[in-house]
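Student: I would like to learn how to read a sheet, a helix packed on it and a pocket. Could you take me through them slowly?

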Amino acid sequence: MEKLIIIKTTISNKNTKKKLISELFKCNCVACVNVINNITSYYEWEGKLQYQKEEILLIKTILKNEKLVYKIIKRHHDYEIPEITTISVKNVDKNYMGWIE
């Protein structure tokens, strides 16, 4: 059985979001992308406190696709340094995992 992972990124541009999601599905390397709308991120950039309205993308895939998903995000993201993190999943319902695979 493959190992499920969730790759998280944040994005603020709706056109970039649509393009990124489209490319992820085009490569057939993801099962699902959840979009969590209307968050505000606070961060320090170039010595100043910044904030920005964003959306979170939770990208469900299997471990063997992790590097490809990272590559696609980096290629299509409009941030200079996008957040790209992998969340390990401890347990998964077998029926859901069967659908993912």
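Tutor: Let us begin with the sheet, which is open and has four strands in the order 2-3-1-4, with antiparallel pairing. Strands and helices here are DSSP runs numbered from the N terminus (E, at least two residues, for strands; H or I, at least four, for helices), and two strands pair if DSSP finds at least two bridges between them. The model is a predicted one, in which local features need pLDDT of at least 70 and side-chain atom pairs count only at pLDDT 80 or more, while totals for chains, interfaces and linings use all residues. Residues are numbered from 1 along each chain as its sequence is written, and side-chain values use heavy atoms, with hydrogens and water left out.

Student: What holds paired strands together?

Tutor: In general, strands of a sheet pair through backbone hydrogen bonds, either parallel or antiparallel. Here strand 2 (residues 32-45) is joined by twelve bridges to strand 3, and the two run antiparallel; within this pair, serine 41 stands opposite glutamine 52.

Tutor: Helix 2 (residues 66-76) packs on the sheet, where it touches strand 1, strand 3 and strand 4 (contact means heavy atoms within 4.5 Å). The direction of helix 2 makes about 10° with that of strand 1, where axes are lines fitted to C-alpha atoms, for helices over the stretch in contact, and angles run from 0 to 180 degrees between N-to-C directions.

Student: How many bridges does strand 1 form with strand 3, and how many with strand 4?

Tutor: Strand 1 pairs with strand 3 (residues 48-62) over eight bridges in the antiparallel sense, and four bridges join strand 1 to strand 4 (residues 85-88), again antiparallel. Isoleucine 7 stands opposite isoleucine 59 in strand 3 and opposite threonine 86 in strand 4.

Student: Why is strand 1 largely enclosed by the rest of the structure?

Tutor: Strand 1 (residues 4-11) is largely enclosed because seven of its eight residues are buried, that is, under 20% relative accessible area with a 1.4 Å probe, protein chains only.

Student: Which strand gives the largest share of the lining of the largest pocket?

Tutor: Strand 2 does, with three residues. The residues lining that pocket include Ser41, Tyr43 and Gln52.

Technical notes
Buried < 20%, exposed > 50% of the residue type's maximum accessible area, 1.4 Å probe, protein only. 1 Å grid on protein atoms, 1.4 Å probe; cavity = no way out; pocket = protein on both sides within 12 Å on 5 of 7 lines; lining within 4 Å.
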